[in-house]
Amino acid sequence: MTTATLTRPQAQENRFDTVDIKVIDTDVHVEPRSFDELIPYLDAPWRDRANLIDAVPWSRSTYKTLDGGGRKDAYPEKGDIGSDPEMVGRQLFVDDPIDFAMLLPWSFRGLTVDPRLDTALASAVNKWLADTWLSKYNAESRYFGAITVSVDDPVGAAREIDKWGGHPAFRQVLIGHYGPRPFGHPSYDSIWEAAARHGLPISMHFRGGATQPLGWTSTGPLQYFVEYHSLIAPMAYASHMVSWICNGVLDRHPEMKVVFVEGGFLWYRPVVDRLQRHWKMTGHELSLRKTPLEYVHDHFRFASQPIEENTDSQKIAALFEEANAAELLLFSSDYPHYDYDPPSKALPRSLDAEVKKRILSENARVLYDLPKTRPVDRFDRAVGGLQ
Amino acid sequence: MIIDCAVHPVLGDEEFNREIGGPWNLLKLPPLFGDRYRAPLDQLAVPAEEASSPAAVAEQLRRAGVDYAVLSPTTRGYWPNPQQATAVARAANKLFAEKWLNAPEGEGRFLGSIRIALNDVDVALREIDRWADDERFVQLVVPARALGTYGEQRFFPIWRAAVERGLAVFIHDDLGTLCEPPPSQVGFPSHFAEIHAIRPMSAIVHLTSFIVAGVFERLPDLRVVLGDVSVHAARSLAIRTDKDWQSDRLEVPWVSKDPTTYLERNVRFVTQPDDEISPHSSSAAGTIGGDNSSLVVFGSRHPYWDGVRAEDVFTTWSEKDRARCLADNALQFYPRLAARVSAEISS
């Protein structure tokens, strides 16, 4: 039993009964059944050019896991992985004790060379998500959405955020890891301004699709997926984090919050230590209000999957606690991908129980301003039954 | 005993350019620290003439109680023109051998590094042969930011030659020609503070590349020293590579051990100013995989601004572990260093 260590909400007869929120998953990927499902959501003139958008690569075999990419048991009989609401709901809320899922659609594949096309696709993804997973499939209100934007079109991105910022189920903004300059560059500022104004955190999830540069580093291209998947996200996130700090973005937008998804956790500490060590000397020209570690504490959070592991459970737990996992870490599963972390196994065994609780739900609940309880629903009643 | 594994003699513009010779000496050398990112501080901790003076550096090392120092000059970045690159590397080696290694003030303290240009591997191998008979050269130096990752097969003959000649390989940030790739994969940051913070990433890419491409598997005796990377930063990413190797080792079947094992066997880390404030440094056992006290070699980074003094190194460690960091680890790691010290003790 993968879920044995977590107490499950008891099935209740009274439909107005509520349960406490214990697990919030900050990285769940849902998709249309196929691209055709997105076409009606494209604005003119892009609806007539849907073939152009459909030709944007979903993923690229330059760097790709040989494992196939998806959880073997998560492919529906019809349609793409992550597209069947019954299967997704059952796997998240029945097979595993997840209460709320923060949806990060993959359908916006990455940046192309055409920022207008990117924004057209982002806009369609948002309309589609609002219409399906955030309403039709969301009778139980278990799903919360992210506003997909293209960082390569900052004005269009801010417009998208303004369009959906008041929608009750959109709780964050979703961006990829790639941009031609680190994200503290002033050209991106309208995006951060809009997100902060609406009180929406920014979720950064690395992307390996579309036609943006992949796998290039400060010293040439990586050769293998193993290198790519372990280094690309944390290295990009580190560059953006340092850039947001050093360029005063967080002083200009004190409400801004960023979640780094699927890029690891422990790396941030050596990077920020290095920035902090000589801050008096290197940072004095920047006229900033806080120290780097204070900015991290006030503005940055990290999603847990794929969690850093070690056979020595105590040692790894000590590292997590030293890096302030109690405040900075949020549980994520990366459903439905091959390296899914179930909530029962996502965290080091030896981690303090209170810290685990915060990581599994409380940190995300506060960040996204989600309710403390939810009504008992059909998924709860299905728990324990045969599927 | 104290062995300082990272001292950076500055080859002065005029003498360096004279040594580079024609026609390249018709051009000006780029500044020592490049000119893209202006530091809001003086990047040399001593006056420029002292940084370029063997006598002054020797005096500094004597005062600091250093018994041996591994010196590595920079060659001001990645030179795209292969003829020019070769001329610059050769001039650096010649000037360094004549002026520094042979300086009487060194009193036998100075050990050397062979600079090679990576544009043409055959030429680099000849440059190694030119100097490697001199046992005082203990390592090669290659830049942290190159145009390829060091696990690429085209570089392999260089690492093989290093092993055959008993030379370690030192990776050190060396900038200036403006030809190097941007310091981050998402383009150019805007400030010195930013590039200083993310500087370790390039060498971590090479470290990962050596491991994943199987270079350490094919050359188990290859010794790599990283000049700008704390062991904590390297481990925090290697723990991710361990995991990706577990799930995707089908792609790299030659990698027979988990990546961290190669890191511990084939790589050492020069002490960084930030080592001591890392939450993971308070005890060697506090780090994943345990023993960092055998992975760190003392390097003062003299004459750079962000130097480390021997007395400030890992003050919370036991005397025994500190002693390993200050000398024993280097003695065990650099093949030529051990030979040299044992020869001196027996003579």
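Tutor: Let's start with a term: a polar contact is a pair of N or O atoms within 3.5 Å, where, within protein, one atom must be able to donate a hydrogen and the other to accept it. Keep in mind that this is a predicted model.

Student: How many residue pairs are in polar contact between chain B and chain A?

Tutor: Good place to begin! Pairs count here when both residues are at pLDDT 80 or more. Between chain B and chain A, that gives 25 residue pairs.

Student: Which residue of chain A forms a salt bridge with B:Lys243?

Tutor: The count between the two chains is 1 salt bridge. Its closest N and O atoms are 2.9 Å apart, inside the 4 Å cut-off. The partner of B:Lys243 is A:Glu309.

Student: Which element gives the most to the side of chain B that touches chain A?

Tutor: Helix 7 (192–198), helix 8 (200–212) and helix 10 (231–248) of chain B each give two or more residues to that side. With 12 residues, the top contributor is helix 10 of chain B.

Student: What area do chain B and chain A bury between them?

Tutor: Picture 71 residues of chain B in contact with 64 residues of chain A. Of the buried area, 61% is on carbon and sulfur atoms. The total is about 5800 Å².

Student: Why do the buried residues of helix 11 of chain B line one face of the helix?

Tutor: In helix 11 (residues 259–266) of chain B, the buried residues are B:Pro259, B:Thr260, B:Tyr262, B:Leu263 and B:Asn266. They line one face because, seen down the helix axis, they fall within an arc of 160°.

Note on methods:
Residues are numbered from 1 along each chain as its sequence is written. Chains are lettered from A and ligands numbered from 1 in the order in which they are written. This is a predicted model: local features need pLDDT of at least 70, side-chain atom pairs count only at pLDDT 80 or more; totals for chains, interfaces and linings use all residues. Side-chain values use heavy atoms; hydrogens and water are left out. Contact means heavy atoms within 4.5 Å. Buried area is the accessible area (1.4 Å probe) that two parts lose on being put together, summed over both. A salt bridge is a side-chain nitrogen of Lys or Arg within 4 Å of a carboxyl oxygen of Asp or Glu. A polar contact is a pair of N or O atoms within 3.5 Å; within protein, one must be able to donate a hydrogen and the other to accept it, and residues adjacent in sequence count only if both atoms are side-chain atoms. Helices (H or I, at least four residues) and strands (E, at least two) are DSSP runs, numbered from the N terminus. Buried means under 20% relative accessible area, exposed over 50%, partly exposed in between (1.4 Å probe, protein chains only). The arc is that of the directions from the helix axis to the C-beta atoms.
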